[in-house]
Amino acid sequence: MLPEMDRRRSDMDRAPGFEIEVNGRPIRAFPGETLVATLVAAGILAFGRGPRGALRGPCCGMGACFGCLVNVEGLGRVQACLVRCRPHMKVRLEI
Ligand code: FES
């Protein structure tokens, strides 16, 4: 189950947003955001499970820890901190 929230500052001017789909649910994204920023802003902190079954999530935000691995339709398994959101992107978390 994905939480419904938005942790972004509400007092900033932004370009019009768009939706991406995460495990079948719509999530709001904005141009220029990385996928990890969009997911964390939506309150999603667990992106999958490690080899021993513990929840894992983003740690470094710069491509070093691999905690942010997700499946993106058309791209395969990618590091969410290195991919920018695009309209209609479909993401699958392995939770
Ligand atoms: S957050 Fe560490 S690789 Fe993406």
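These questions and answers concern a predicted model.

Me: Is Arg9 buried or exposed?
Reply: Arg9 belongs to the segment before strand E1 (18-22). Because Arg9 has 8 C-beta neighbours inside 10 Å, Arg9 counts as exposed.

Me: What distance separates the C-alpha atoms of Arg9 and Ala41?
Reply: Along the chain, Arg9 and Ala41 are 32 residues apart. Between their C-alpha atoms the separation is 9.5 Å.

Me: Which element gives the most residues to the largest nonpolar core?
Reply: The largest nonpolar core has 19 residues, and Ile20, Leu35, Val36, Leu39 and Ala80 touch the most other members. At least two residues each come from E1, strand E2 (25-29) and helix H1 (35-41). With five residues, the element that gives the most to this core is H1.

Me: Which residues does Leu39 touch, not counting those up to four places away in sequence?
Reply: Leu39 is among the core residues that touch the most other members. With residues up to four places away in sequence left out, Leu39 touches Val22, Ile44 and Ala80.

Me: Which strands stand at the edges of the open sheet of five strands?
Reply: The order in this sheet is E2-E1-E7-E5-E6, and the pairing is mixed. Two strands have a single partner strand each, so one side of each is left without a neighbour in the sheet. These edge strands are E2 and E6 (76-79).

Note on methods: Residues are numbered from 1 along each chain as its sequence is written. This is a predicted model: local features need pLDDT of at least 70, side-chain atom pairs count only at pLDDT 80 or more; totals for chains, interfaces and linings use all residues. Helices (H or I, at least four residues) and strands (E, at least two) are DSSP runs, numbered from the N terminus. A residue is buried if 20 or more other C-beta atoms lie within 10 Å of its own, exposed if 12 or fewer, and partly exposed in between; C-beta atoms are placed from the backbone. A nonpolar core is a set of buried Ala, Val, Leu, Ile, Met, Phe, Trp, Tyr and Cys residues joined through C-beta atoms within 7 Å. Two residues are in contact if their C-beta atoms, placed from the backbone, lie within 7 Å. Two strands pair if DSSP finds at least two bridges between them.
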